[in-house]
Protein chains: 2
Amino acid sequence: HRKGAVGNIRKLIFKTHPADLAWVFRSLTPIERKDIFEIIAQTELVADFLSELDTSIMVELVEDLSPEFMAKVVTRMASDDAADLLEALPNDIAVEIRRHMQVDDRHEVEELLKYDPETAGGLMSTDFMYLDEDLTVEEAIRKVQKRSEEKEMVFYLYITHGDGQLSGVLSLRELLLHPPHRKLKNIMNRNVISVTTDTDQEEVAHVVSQYNLLAVPVVDATYKLVGIVTVDDVIDVIREEATEDFLQMAGAGREREILLKPLYQKILLRAPWLFASWIGGVTAMFIINSFQYELQKVLALASFIPIIAGMGGNIATQSSTIVVRGLATGRINMQHFFPVVIKEFLVGIVLGAVFGTLLGFLAHFKYADPLYLGVVVGISVFAVMTMAATVGTIVPLILKRLNIDAAIATGPFITTSIDILGVSLFFMVAKTLLEL
Amino acid sequence: HRKGAVGNIRKLIFKTHPADLAWVFRSLTPIERKDIFEIIAQTELVADFLSELDTSIMVELVEDLSPEFMAKVVTRMASDDAADLLEALPNDIAVEIRRHMQVDDRHEVEELLKYDPETAGGLMSTDFMYLDEDLTVEEAIRKVQKRSEEKEMVFYLYITHGDGQLSGVLSLRELLLHPPHRKLKNIMNRNVISVTTDTDQEEVAHVVSQYNLLAVPVVDATYKLVGIVTVDDVIDVIREEATEDFLQMAGAGREREILLKPLYQKILLRAPWLFASWIGGVTAMFIINSFQYELQKVLALASFIPIIAGMGGNIATQSSTIVVRGLATGRINMQHFFPVVIKEFLVGIVLGAVFGTLLGFLAHFKYADPLYLGVVVGISVFAVMTMAATVGTIVPLILKRLNIDAAIATGPFITTSIDILGVSLFFMVAKTLLEL
């Protein structure tokens, strides 16, 4: 019976796209994963499957396999996926696997491992088609027919001269439009957009999406063509950067696979940010405590603490999110610094006036005594919201200018700072206007 | 002099990629935009340029041009971009432009305008290459040479039979590998992944990125091939959906181009969410007011309001952000409902215990009286954080099950609800344990 079940699972595996298999794996328990992977590991699909898998699941599965077997699997993977896999594994295992690889395959992967994984060098694949500019159209077509099988993105043909220096690009379609004996250098497009191995992955993603490219060539310092980054990897970068920004803005670390991590890691990733907000809360506690005398005289002040902190925190979150996302999508650049701050300041003034007035009237009619409580509350909401919108705008812009990830600024940091500033301001306004 | 300046700007425009021009336009004032656009409008570039521009800037510029001129420009645009432009314009202007278009161009665009812009039908281009399955390789190559100029993504050749029903796909590279007289139907890949005109754009993006496609064919109810969605449009969808989620999670509406909107619109987009949080704050005010007697007896309780609301709000934001992003990236699906809730509940218990204990000790040593204040504060932080992590997880999951956008749940709604729940719980714990 067992044998029959395995046979059926094998059939199912062969009918399923490796990307779908990887998707299903997220929903399985670790034991189920091991069982099914044992079957996948015996098929040709294993290399494709591993390239599609979430890193943490992949590492968990691969650690049990022999280095000899993994060396064969890694050799069958696209060079960029192979490098990503080796990078994710614990170092001793990765070294063992590399030791069992053939010299030239190992060399190719080790070249890629030299680059920072968040740069074009770390993203690029070295399996690409390039043709010397002195070839004719006929020769080029023959090369495509013969050699393109295992290459990525053969729709763009990169043209080189000399020692592999990038000189142009030609699409496969354009190649077909020219007579057989014309030389590539006479028909190629010389205006080729490229990036260098150390270009940051966000910039690579920007270039590919800005110019609607399917791939971008990567050159080294001597303008030698060393790889290409394809649009599917760019989509992954865009998704991953967005996920990291989401998590950072919520103060939940920047580990994209947090959902797949064991409980203690989930807790450790989130604790530091909560600790920062704990410190902020304790500060607010001391501040309120220092106004004990005023609070004693006008107990009603305590009722307004949540709304003042909340309105401030919420408008600051709006402003900082708009700015952080604007920076990420390029809708804000640093020349916009002042116009953006001024507009958010104005938004804060108008919304602060509206919600301050509303609360002021409500407070006035609810609490007859002290007479000016409504005024105090209204002014405080107005001032806190104006300040919060401005701070929420300025902080991410300053971080960006200091080359720090602006997403850190939103979430816990901003809301906690606004709690502290808001509460201080409120009690000072109360103390002054109510003459306490 | 004026003429010389215009000449120089013309040269600069011709040397700049239309996407870069569109990028620069974001930093210009409305008057500068008009001036430079007047020059662009006289060049061949105008159609490409308008396709790259942000919608709000495009509408502002186009409104001044004659419908006759715009009809010519729209005709030169890719059909999907043309439809997007007409959709963004005020209806009376769009109708005028369409009236001036040639019958067949108008028909093509009007077909596209029938679809919901957030579906595959709304995204697709109708300028694609398709070949009947009975053609030979030689005939196919000739068709590509002759007809592919104005088509999108000619690297995938879609193969049809009968009345244009999709039957397979062939890459341009594969076409070159076969002998000239073989028929396409004998070499095509029959396993073609497609979407239908009413497939939601998020699902289209999922399909393209999941299977690493450069384009996906769109079929109608009779499986007739009616268009293709290319990967560059998918990248735009992924970016736009992420931006909308960011804004929604911050309670700042879901207008992606909020930065380009005039001040009053910025304010109107943000006010409703702040009003919701205002209502929440007023509710918290009434709740605290109802515990006036207890507060009078133990004034120190007021000092802990910000930290209790803040720790609850922050852990809830973490949980809900992880869940919302997990749903968007497919790392959580609805079968995960209970495991996810239980894990977040456990995270809440552990972190609640840690930060509750910390605050309990601090409160105990700071306030000698009443004796159990430390215990009250510790238990409250523990309970609020556990509850907040759980609520922050459950609410987006429930919204998703009800087919409501889960991103709405985070930000103001969650933090304001936690404020109310947290403050109530804190005062009730205090009242009970301190026997007030």
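Modeller: A residue is called buried under 20% relative accessible area, exposed over 50% and partly exposed in between, with a 1.4 Å probe and the protein chains only. This is a predicted model, in which local features need pLDDT of at least 70 and side-chain atom pairs count only at pLDDT 80 or more, while totals for chains, interfaces and linings use all residues. Residues are numbered from 1 along each chain as its sequence is written, chains are lettered from A and ligands numbered from 1 in the order in which they are written, and side-chain values use heavy atoms, without hydrogens and water.

Helices here are DSSP runs of H or I with at least four residues, strands are runs of E with at least two, and both are numbered from the N terminus. A:Phe291 is buried because its relative accessible area is 11%. A:Phe427 is also buried, since its value is 1%.

The rings of B:Phe291 and B:Phe427 are stacked because their centres lie 5.1 Å apart and their planes are at 15 degrees. B:Phe291 is in the loop between helix 16 (263-290) and helix 17 (292-297) of chain B, and B:Phe427 in helix 21 (residues 412-433) of chain B, so this pair ties together parts 136 residues apart in sequence. B:Phe291 is buried at 11% relative accessible area, and B:Phe427 is buried at 1%. Elsewhere, ring pairs join residues from both chains into a cluster: A:Phe155, A:Tyr156, A:Tyr158, B:Phe155, B:Tyr156 and B:Tyr158.

Now the charged groups. There are 32 salt bridges over all chains (a side-chain nitrogen of Lys or Arg within 4 Å of a carboxyl oxygen of Asp or Glu). B:Glu60 and B:Arg33 form one of these, with N to O at 3.6 Å. This pair links distant parts of chain B, 27 residues apart, with B:Glu60 in helix 5 (residues 55-62) and B:Arg33 in helix 3 (residues 30-40). B:Glu60 counts as partly exposed because its relative accessibility is 26%, whereas B:Arg33 counts as buried at 8%.

B:Glu110 and B:Arg106 form another salt bridge, at 3.9 Å from N to O. Both lie in helix 9 (residues 103-113) of chain B, four residues apart, which is about one turn of the helix. B:Glu110 is partly exposed at 27% relative accessible area, and B:Arg106 is partly exposed at 25%.

In the salt bridge between B:Lys185 and B:Asp134, the N to O distance is 2.9 Å. The partners are 51 residues apart, in distant parts of chain B: B:Lys185 in helix 13 (residues 184-187), and B:Asp134 in the loop between strand 1 (130-132) and helix 11 (137-147). B:Lys185 counts as partly exposed at 30% relative accessibility, as does B:Asp134 at 37%. In chain A, a network of salt bridges links A:Glu240, A:Glu244, A:Arg254, A:Arg256 and A:Asp405.

Technical notes: Phe/Tyr/Trp six-rings, centres within 6.5 Å; stacked < 30°, edge-to-face > 60°.
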